[in-house]
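Thanks for coming. I will go through one model, from the overall fold down to a few side chains. Please have the viewer open.

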Amino acid sequence: MTPEDAYSIRVISDVKLNENGLMYVETEIRNHDYYSMLFSNDKKVISGHISLPSYYNGYLYYVKGKKEKHLIRKKEYGIEEDLLSLRSISNYTFHRKGILILGEEKINSKTPFSTTKRKYRFDSRGLLRSRQSLFIFDGELRKLVSGDFDVTDVSTNGERVVISATIDDDDFGLANVYEVNVDTGEIHKISEGKGTVEAVAVNKKGEVAFLGQREGLSPWASNRIFFPEKGKSVICGKTCGNFVLTDIFDGTKIRIIYDDVVYTLGQEGGETHLYKVLDDAEKITSGQISVRGFDYYNGKLAYFYSTPTKPSILKFEDKEVDPNQGIKSITPVKVNHHIEGWAMISSNNSPTILFIHGGPHMAYGYAYFIEFQFFASNGFNVIYCNPRGSKGYGEEFAKGCVGDWGGKDMQDILDFTRKIIEDFKLNGKIGITGGSYGGFMTNWIITRTDLFSAAISERSISNLVSMCGTSDIGFWFNAIEAGIEDPWNKEGMEKLMNLSPIYHVSNVKTPLMLIHGENDYRCPIEQAEQYFLALRSKGVEAELVRYPGESHEHARKGKPDFMVDRLRRKLEWFSLHLYSKK
């Protein structure tokens, strides 16, 4: 398999049900760019840079555009009407007084920028010159709710309008749920406490539900479905939502639908399923799958899911749509250990690559990974696991690495690796790779052991102190993950430095490639730069690969040519160091 072959897949997204049937979007890489096709009842109706299809009062609506987003309205056999344009449009819904839209205004990025806030830039968005606002379009576009914060979701039953927004704790990304008066823009808080809000929904009766958590700055906390005006909450599996990672480019978002019951996703271990929620949560899908998105309308349910061998499958009634029927994939084997893990074994004499996921509060599981299939098809053994810190196994397990990055989580990973070597009698060399927190762990492990003959860290972390002042979330995230109150005092800095790979760089002997996007604001490129320079200054073989303009998402939805180049470079590095006799 070539890198080009690895990315020659189609992925499904934006499933939408209406009175006319089923709509969905298929996306592929074509002519070095992402190309989408909107299907309605299995018939292709629109293609290009499109997303968010909907059907309302006899019109097809969708968002179109690449650098600038346009909301388009169209009759079945009519011409496109360009209703409005914004820098971005993340959601829209229909109210009796107009179309409610979440989006950002266009900006002039050439002018000076000043701020007094700690959160002044954000990955994949850049400097926060504009914020995501709630607009209403009733022939002309006007703002309803805006400020130096983000409106993150909106829902309406045609009368009542409910939003989530980071009004009170924007620096930390904490949100609450508010009711909005569409005539005045006045808001009234509905939720209580502090926490995250991932999605909101209003049913026909005007009852409100939201998905999130109320435990403040706690990235490890399990999400629940909250009914704020009823004073109750329900959990789906081990956490509501989907934290199972994949590198397919479907760009899915967490959502909930509130009819008579709430429909949402829930995760348990490496599986993600659909649930319906009222007094309790009932799982309504089954199997070793990861449901990625869904829609519900008038008693009918449609959803799309991924498996380790199938990138994207759409399920509606008794029919399944698989846009990748000819794909040849290798099935991973689950490894029974005290943590959940998987292996794709070519032969016991082949070299092996250990993959470490990011987060740390994310998880591997039953979803397709382009990179896993690529390396397995090229003769490598591929192994991966969910160490302490991963989501899907309860809050205690997810919190297991907090204050101890590189401790028990690393031990879980090393124990898993050694068990694989023993169980499958592996004789070849072992490599290691990971991104974000997985990049931190890659950088860290090679300061602790010479087990690995080669390493590649991506969008990685090497210095938790400097990251506090350069990452979009570092000033709070690093502190709570390290278990300290103040990252700026002596005691806080000392702990952060002791947890930083660069503090132990003198121990490294393993050849390391560092891959980074130059516009990564989550784990800024200075993290790779300083580790690379330290390694080269100490005579360790190292290479730094930089991708211009790329964000923290460079390996999941970056520029297609760069993603192909990245796989080629990784294959060459691991082939050179893991197949060699030395």
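Before the rest, the ground rules. This is a predicted model, in which local features need pLDDT of at least 70, side-chain atom pairs count only at pLDDT 80 or more, and totals for chains, interfaces and linings use all residues. Residues are numbered from 1 along each chain as its sequence is written, and side-chain values use heavy atoms, with hydrogens and water left out.

Overall dimensions next. The C-alpha trace spans about 70 × 55 × 50 Å along its principal axes.

Now the cysteines. The structure holds 0 disulfides, a disulfide being a pair of cysteine sulfur atoms within 2.5 Å. Cys236 is in no disulfide, and its nearest cysteine sulfur, that of Cys240, is 3.2 Å away. Cys236 is buried, because its relative accessibility is 0%. For Cys401, the closest cysteine sulfur is in Cys385, 13 Å away, so the distance is too far for a bond. Cys401 also counts as buried, at 0% relative accessibility.

Last, Thr449. Is this residue buried or exposed? Thr449 counts as buried because its relative accessibility is 14%. Its side chain reaches the backbone nitrogen of Leu451 at 3.0 Å. Leaving out residues up to four places away in sequence, Thr449 touches Leu414, Arg418 and Thr510 (contact means heavy atoms within 4.5 Å).

Terms used
Buried < 20%, exposed > 50% of the residue type's maximum accessible area, 1.4 Å probe, protein only. Polar contact = N/O pair within 3.5 Å; in protein donor to acceptor, adjacent residues only side chain to side chain.
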